[in-house]
Structure formats: C-alpha cells, structure tokens
Amino acid sequence: MGKKIILQFCLALVAFSLAACLRPPGGKIDSNTLVVWEQEDGFIAPFLDSIFNNFKKLPGNEKVRIQRVHYHMEDLRQQFQTASIAGSPPDMIITPPDVAGVFAVSGFILPLNGLFDFSRYDEQALVPVTMDGKIWGVPSSMGNHLMLLYNKRLVKNIPQSTDELFKSCAELSRDKNLSYCMAYDMNEPFWLIPWLTAYGGWPLDGKKPALNTPAMLAAVKFYLNLRYERKLVPMECDYNCMDSLFKEEKVAFIINGDWSLADYKSRFGENLGVGRIPKLSETGRWPSPMFGGKDIMLSSKLRGEKLELAKRLTVFFTNDENQLRQARELYRIPAIKGMKNSPELRKDPLLRGSIEQQEVATPMPMATELRAFWDSGRHYLGMITQRKTTPEDGLKRMQADCEAKIQEMMR
Amino acid sequence: MNSQVALSLLEVLQMIGFVAFVTLWIEAYLYTHFHYSKKSWFFPAMLAAVPLGVLLLVVVAIGPALNARQAVNIFLYALLAESALAVFFRFKADKKLALPYMLIMPGFVGLALLIAYPLVFEVYLAFHDLKLTTLKTWSETGYLPFVNFEHFYNVFTKSPLSEVSFWQLLGRTLWWTVVNVFFHVLGGLGLALLLNNEIKLRGIYRTLLIIPWAMPQVVAVLAMKGEFHSEYGFVNIMIGRLVDAFPFLASMGMHKVQWLSQHPFLTCTIVNVWLGIPFMMVVILGGLQSIPKSYYEAASIDGASRWQKFRHITLPLLRPVLAPAVTLGTVWTFNNINVIYLVTGQSGGTEDADILVSALYKAAFSFNRFSYSAAFAIVIFLLLFAISMLWLKFSKGTESAYD
C-alpha cells in the first residue's frame with residue numbers, strides 16, 4: 001500500500017514536471033504577445049481595448065495577443081522601475097512624459113530615433129520626450145494640461161481675469177449659497193505652475209531648480225490668499241476631493257486636466273464649460289500651464305520580431321483615424337502635425353477650449369531634475385499651504401532640498 | 001473560456017509543474033545519497049552524474065547565451081560541491097534520518113530561495129551603489145561601484161525624505177509602536193473580558209467587533225481617512241454638531257480640526273488603534289476561554305475579589321497567549337506601512353507622520369535611492385530583531401504559565 005502511494009506520488013510529480021514543459025500551440029507566444037501597461041482612468045479602458053482589438057483584426061495579426069495592465073500613475077512609475085530592474089518589464093507603457101527622464105537615464109526605455117517617422121508629429125508634442133537630441137516616446141496625444149472647467153448651471157460665462165473670478169465667486173456665495181467657489185489640488189506642484197508662470201517664474205533655470213525666487217514667493221502667497229483670506233477653495237482638498245466637489249456641484253469651477261474632460265462631459269453634458277485659466281489681474285499675465293500629453297514608450301528589452309510588432313502597434317495607435325477617434329471620444333488633442341486645426345475639432349466647444357489653453361501652455365522639459373522638483377515641491381508646498389512654515393522659509397528649504405535631491409540623483 | 005484566462009491557467013499549471021520538477025529532483029537526489037552512499041559505484045557515479053545534470057539544467061535554462069568558459073566553471077563548482085556532499089553522505093549521514101530530511105528539504109530549499117537570496121542581495125546592494133545613474137551600467141555589465149559602509153553612514157546622517165532624520169523617525173516609530181500596542185492590548189482585553197461573560201447576542205457582538213480586522217485593510221483605512229476629512233468627514237461633522245448643541249464646548253477649546261494635514265500622525269494612530277483591537281480581542285478571548293472555571297470558583301470560596309481574581313488568575317494564565325501576540329503586534333505595528341502610506345499618501349507637508357518603514361519605502365520607490373534603502377532596511381531589521389529578543393527575554397514570553 002505504502003509503495004503504491006509513493007509510486008502514485010512520483011507519477012504525479014512527473015506529470016506536473018511535464019506540464020511545466022508545455023507551451024501553447026505555435027510555440028511562439030512571446031514574439032506575438034505584447035504587454036502594455038497604462039495609467040488611464042477606468043472609463044478610458046474600452047477605448048484602449050477597442051484600438052487593440054482593431055489592431056488584432058488587421059491581416060497578419062491573427063495570432064497577436066495584447067495584455068493591457070492598468071496602474072495608477074505613481075504605481076506605474078514604481079512598478080515599471082521594479083520590473084525593469086528585475087529584468088521582466090512590460091513591452092510598452094502609455095504614460096504622461098514626466099517619467100521619461102528618469103526611465104531614459106536608467107536605461108529602461110529605448111531611444112526611438114530612426115524607428116519612427118517623427119516628422120508626422122507636432123514638434124511641440126515631441127519636446128517633453130526629447131533629451132539631448134534623442135526621442136524617447138511616441139506622442140499619442142498632446143496636452144495633459146490644466147484648464148478651467150465650470151458648471152454652466154451655476155455660472156454662465158467663464159471669467160477672463162482673476163478679478164472677474166473673485167466677483168463671480170462672491171455672487172455664487174450670495175445667490176447659490178456655495179461654501180466654496182473653486183476646487184483644485186493645492187498641494188500638488190503641477191497645479192502651481194500656471195500661477196507661477198503668471199508671475200513670470202518657472203521651476204527650472206536650465207537644469208538648476210529656481211524655487212526660491214520672487215515669482216515663486218508671489219505665487220505661493222497668492223495660493224494662501226485664495227485659501228485663507230478669500231476662502232474660495234476648501235481646506236485639505238486633494239484630487240479625489242476636488243473631483244467629487246465639482247461632480248456634486250458643490251463648487252462651480254475646477255482647475256483640472258484634459259484627461260478629465262470625457263468623464264465630466266458624460267456627467268454634465270452641455271452644461272460643462274471649458275476655457276483658459278483666467279488672467280492674473282495683479283500682473284496682467286495669462287497663466288501658462290505645463291503640457292505634455294500621453295506617450296508610448298518601449299522597453300529597452302524589446303528586440304527582433306517583438307520590437308517590430310510593438311512598432312506596428314504604436315504606428316497603428318497614432319494613425320490619423322485613431323487620433324481623430326481619440327479626439328472625438330476622449331476630447332484629447334491629436335499629436336499629429338496640424339490635426340488640431342481641423343474644423344471638425346475646432347467646432348467642438350470642449351476641444352476648442354482645451355486647444356486654446358494648450359496653445360498658450362509651456363511644454364514640459366524632459367529633465368530628470370524635474371523629478372526632484374515634483375518631490376520637494378509637493379512636500380514644502382504642503383507645509384506652506386498648511387501654514388506649518390512661512391512662504392519665505394518654505395521656499396528656501398524647498399530650494400535646498402531640491403538641490404540636494406538632484407545632487408544625490410546625479411552624483 | 002476566455003483565451004487569456006486559459007493562458008493564465010496554463011501559466012499557473014506551468015509554475016506548479018516547475019515546483020514539482022524541482023521537488024522531484026531534490027527527492028531523487030536525497031534518496032540516492034541516503035540509500036546508496038555505501039555502494040562502491042556511489043562516488044564515481046555521483047561525481048559524474050550530478051555536475052553533468054546541473055550543467056544540463058543550466059544550458060537548458062540559459063540557452064546559447066552561456067559561453068564555454070562559464071559552462072566549465074559551472075561544471076567545476078558543481079563537481080566541488082558534489083564531492084563535499086558525497087563525502088558527507090558516505091561518512092556522516094544517518095540513513096534513519098532519510099525520511100525526515102526528504103520531507104523537509106523541499107520546503108527548506110523554497111524558503112532559502114525566497115528569504116535567503118533576497119537577503120543576500122540586499123546586503124550586496126547595501127555595500128554597492130545602485131541608483132538612477134548606475135542602473136543602466138549595472139543592467140548591461142553587472143558592475144556596481146563598491147562603496148563600503150557609506151550607505152550605512154548616510155542612514156544615520158542623511159534624511160531618507162527631505163528633512164526628518166533617522167533618529168526622529170526611530171523615536172516616532174518606537175512611540176507609534178508603544179502607543180498602538182498598548183491600546184490594542186487594552187482595548188482587546190476590555191472587549192474580550194466583556195465578551196467572555198454570558199451575555200445575549202454575544203456572537204453578533206463578536207462578529208461586529210471583528211469587522212475592521214476582517215475587511216481588506218486598504219478599504220478600512222481609506223474609509224477611515226474619509227471620515228477624518230476636515231469638511232466632509234464624520235468626525236468633524238460630529239464635533240460641529242456637538243459644539244452647536246452645547247456652545248460651552250467651544251469656549252473649552254473644542255473645534256473642528258484639520259486632521260489629515262495638521263495632525264497626520266495622531267490620525268494614523270487613531271486609525272491603526274481601531275484596526276488592531278479586533279485581532280488582540282480574538283487572541284485574548286481564546287486565552288480567556290481556555291482558563292478553567294474551577295480556578296475562579298476556588299478563588300471565590302477563598303473570598304477573592306474580582307480584581308484579585310483578575311490579577312492572580314486571569315493575567316498570569318493569559319501570559320502564554322499574550323506574550324507572542326504582543327510580540328507579533330509589535331513587529332506588525334513597527335513595520336506597518338499601510339496605514340501611514342494610505343492616510344498621508346504622497347501628499348505634501350506630512351513628513352511628520354512617517355515612521356521608519358514608510359520613509360524607507362519612499363526613499364526606495366519615490367526617490368530611487370536603492371542602495372541607501374537596502375542599508376536602511378538592514379538597520380531596521382537589526383533594530384527589530386534586537387527589540388523582539390529583548391521583549392521575549394524580559395516578558396518571559398517563551399515560558400509556559402506554569403513554569
């Protein structure tokens with residue numbers, strides 16, 4: 001009996017061992033399978049899947065498999081780094097370009113010069129993925145920029161200046177009994193950039209941080225004024241909070257990016273208004289948000305047939321037809337040269353508003369140093385807006401910390 | 001069935017098959033070495049077969065990338081190792097222990113691969129310099145600059161985040177651990193004593209009290225984070241209503257608080273205390289129910305008060321249950337990154353809520369300081385190891401209640 005059990009156990013082990021050697025029919029699963037990681041909101045997934053399905057229907061692509069894996073923005077960055085270090089990264093990632101600098105320096109992504117015809121793409125869309133003459137991503141949209149969105153049920157016209165905005169907010173408080181007028185993520189340095197530019201500043205001077213500057217000081221004081229003096233924006237409001245407040249019509253205005261347009265459109269329909277962030281009355285300058293877009297980056301591990309397949313998918317993803325479809329369905333600005341000027345796109349009020357804002361936005365530089373600014377900026381901006389330190393002291397410490405982080409990164 | 005699901009299942013099957021394959025070879029190796037080590041053909045057969053088998057496996061696994069020199073090296077190392085092992089089995093190994101060794105060895109090898117390898121790699125990283133600018137060279141050539149104890153020195157002298165120092169983090173972590181474990185035990189003990197009485201609907205109370213522990217921690221923490229929002233959270237809404245109903249409370253200083261931004265550490269502590277009580281309650285309740293009632297009856301006959309019974313019967317007999325639970329609770333709380341990370345997230349200005357492990361996580365994965373983080377992790381491990389050993393020694397947690 002005992003020997004019989006041992007024999008059965010050994011046979012089971014052998015059977016499982018043979019299973020380990022099994023391969024799916026065809027035996028070439030690797031070269032026909034692309035793993036794509038993305039960080040889009042949930043409602044974008046059907047659009048991505050439909051593009052991938054259409055690609056698989058093309059002649060010769062019958063055996064192609066595309067595995068789409070979703071991550072949140074920060075998770076995608078961290079997971080892609082970890083997977084790359086471990087030697088098993090995904091084949092492609094679709095992400096905003098602010099991670100490109102870090103991935104390029106680490107050797108995680110491929111330089112794409114010579115692999116694609118970049119003359120098709122808008123030159124401005126290539127700036128955020130170009131470093132030292134090399135291009136590291138294929139733009140699938142241009143934008144990812146902040147703009148002013150408003151609820152037309154609460155306000156009829158978009159304010160053209162901050163004075164008009166404040167007037168509008170006073171009326172809303174009086175007539176509609178709104179506790180707050182506007183919501184946006186005040187702790188996130190990306191949201192500070194438009195106001196910083198309106199005061200004539202920029203976070204980097206070449207490759208050095210420029211954070212302890214008069215423009216930066218004025219921008220953070222403007223922030224404090226919005227929050228504590230005018231009480232136009234709620235306390236402790238992160239991205240989810242501002243999104244909920246706008247959707248629940250507890251605020252009339254929100255400063256958010258083009259990625260949110262399709263979602264708000266489905267909620268508010270014709271009552272959603274889009275336009276430029278109002279001119280800063282104090283300086284007479286229009287804010288210029290940072291823009292990048294969404295880019296497709298290829299893992300540096302890609303070789304041979306699989307690289308060819310990834311190239312074909314990238315070209316398909318950014319062909320004219322899919323770019324127009326993306327603009328119509330997701331309200332994203334096409335990255336193809338000249339396409340944003342098509343009358344059809346300009347006719348749509350949401351796209352028109354988004355394009356008008358993007359045209360005065362500043363392209364995000366592909367600089368690894370920017371990573372240090374996001375990390376330091378987030379921490380000290382949080383301290384300043386929570387009044388844990390004075391603006392002057394906070395900016396001094398932000399500058400020192402950012403310099404130390406860059407030095408540590410690059411030494 | 002969806003083809004992707006089928007392929008995923010196949011991958012799982014392949015993984016099981018791989019484990020079975022390795023197990024099979026481990027068992028075959030041990031069986032032959034235990035049973036045939038005294039045979040005359042043992043040495044020549046094993047010294048030829050084992051190194052060749054290892055080489056064959058490596059060739060199949062790596063393929064054409066393996067060059068001749070590497071192949072010769074692998075063969076020689078395998079030959080050397082097998083020579084030592086064959087001598088051991090021939091002259092030292094006891095055949096009677098063959099079955100126990102064969103049973104534990106797959107698990108031992110699995111643990112060694114899952115724990116020992118990462119640990120060794122971590123030590124390697126801590127003494128070398130892996131960061132953004134050396135990653136590329138390392139992945140292409142395998143070369144990393146050796147930096148001696150530099151990262152260990154940096155752990156104690158440079159902030160893993162922006163400004164907070166290692167010593168501040170250590171102090172906060174110890175405080176965090178002590179406060180949390182104290183309230184876990186106190187709350188758990190109180191609730192367990194209540195539930196240990198013959199009360200109606202005891203099962204329902206027990207189920208309700210276990211819910212925070214039973215639900216996924218991410219859900220529980222994020223739900224609690226929402227309740228601490230300054231404008232729309234339950235806590236501040238209740239404070240507001242209380243102040244409206246009893247205005248004298250305002251004159252006593254009671255007002256709405258920005259919990260998440262002004263008091264992130266206190267908020268994290270409250271959330272973690274709430275999360276940790278059910279576990280301690282379940283453990284202590286189990287301990288209480290194992291104490292024979294006759295002890296209490298005898299004490300009652302002797303005229304002992306409720307406090308005396310608790311002090312001289314309940315507490316000593318709970319010690320064997322409580323000591324390991326407190327040790328576990330200490331280790332878990334010391335290493336609890338979830339609550340801190342989920343409550344404060346990436347948000348700015350909340351560095352004063354970070355403890356050692358959350359700072360370690362951010363240093364490694366937000367700031368890409370890989371080697372620094374490896375050294376940091378080793379320091380944390382040594383600290384935790386020392387604390388656990390001291391606690392077990394002084395609490396006499398490994399002794400039985402009757403020693």
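**Notes on the two-chain model**

1. Let's start with a loop: Asn177(A) sits between helix H7 (162–176) and strand E8 (182–183) of chain A. Helices (H or I, at least four residues) and strands (E, at least two) are DSSP runs, numbered from the N terminus. Keep in mind that this is a predicted model, in which local features need pLDDT of at least 70 and side-chain atom pairs count only at pLDDT 80 or more, while totals for chains, interfaces and linings use all residues. Residues are numbered from 1 along each chain as its sequence is written, and chains are lettered from A and ligands numbered from 1 in the order in which they are written.

2. Back to Asn177(A): it isn't a glycine, yet its phi is positive, at about 60 degrees. That's worth a look, because most residues other than glycine have a negative phi. Is Asn177(A) buried or exposed? Asn177(A) is exposed, with 7 other C-beta atoms within 10 Å. (With C-beta atoms placed from the backbone, buried means 20 or more others within 10 Å of a residue's own, exposed means 12 or fewer, and partly exposed is in between.)

3. Lys231(A) is another non-glycine residue with a positive phi, near 50 degrees. You'll find Lys231(A) in the loop between helix H9 (214–229) and helix H10 (239–247) of chain A. Lys231(A) counts as partly exposed, since it has 15 other C-beta atoms within 10 Å.

4. Now for a strand. E6 (residues 138–143) of chain A is mostly covered, with six of its six residues buried. E6(A) runs antiparallel to strand E13 (residues 290–298) of chain A, and five bridges join them; strands pair if DSSP finds at least two bridges between them.

5. Chain A splits into domain 1 (29–143 + 291–363) and domain 2 (146–288 + 368–410), with bounds that come from an automatic or database domain assignment. Taken over C-alpha atoms, the centres of the two domains of chain A are 27 Å apart. Where they meet, 20 residues of domain 1 of chain A are in contact with 17 residues of domain 2 of chain A; contact here means C-beta atoms, placed from the backbone, within 7 Å.

6. Which helix gives the most to the side of domain 1 of chain A that touches domain 2 of chain A? H15(A) does, with six residues. That side divides into nine nonpolar, six polar and five charged residues. (Nonpolar covers Ala, Val, Leu, Ile, Met, Phe, Trp, Tyr, Cys and Pro; charged covers Asp, Glu, Lys and Arg; the others, Gly among them, are polar.)

7. On to the chain–chain interface: 35 residues of chain A are in contact with 35 residues of chain B. Several helices of chain A each supply at least two residues to this side, including H1 (2–20), H4 (73–86) and H17 (391–410). H16(A) gives the most, with eight residues.

8. Chain B has 18 helices and zero strands. Its radius of gyration is 29 Å, well over the 22 Å that the globule rule gives for 403 residues, so chain B is more spread out than a compact globule. (The radius is taken over C-alpha atoms, and the rule is 2.2 Å times the number of residues to the power 0.38.) Along the principal axes, the C-alpha atoms of chain B fill a box of roughly 90 × 65 × 55 Å, and 25% of the 403 residues of chain B count as buried.

Terms used: Contact = placed C-beta atoms within 7 Å.
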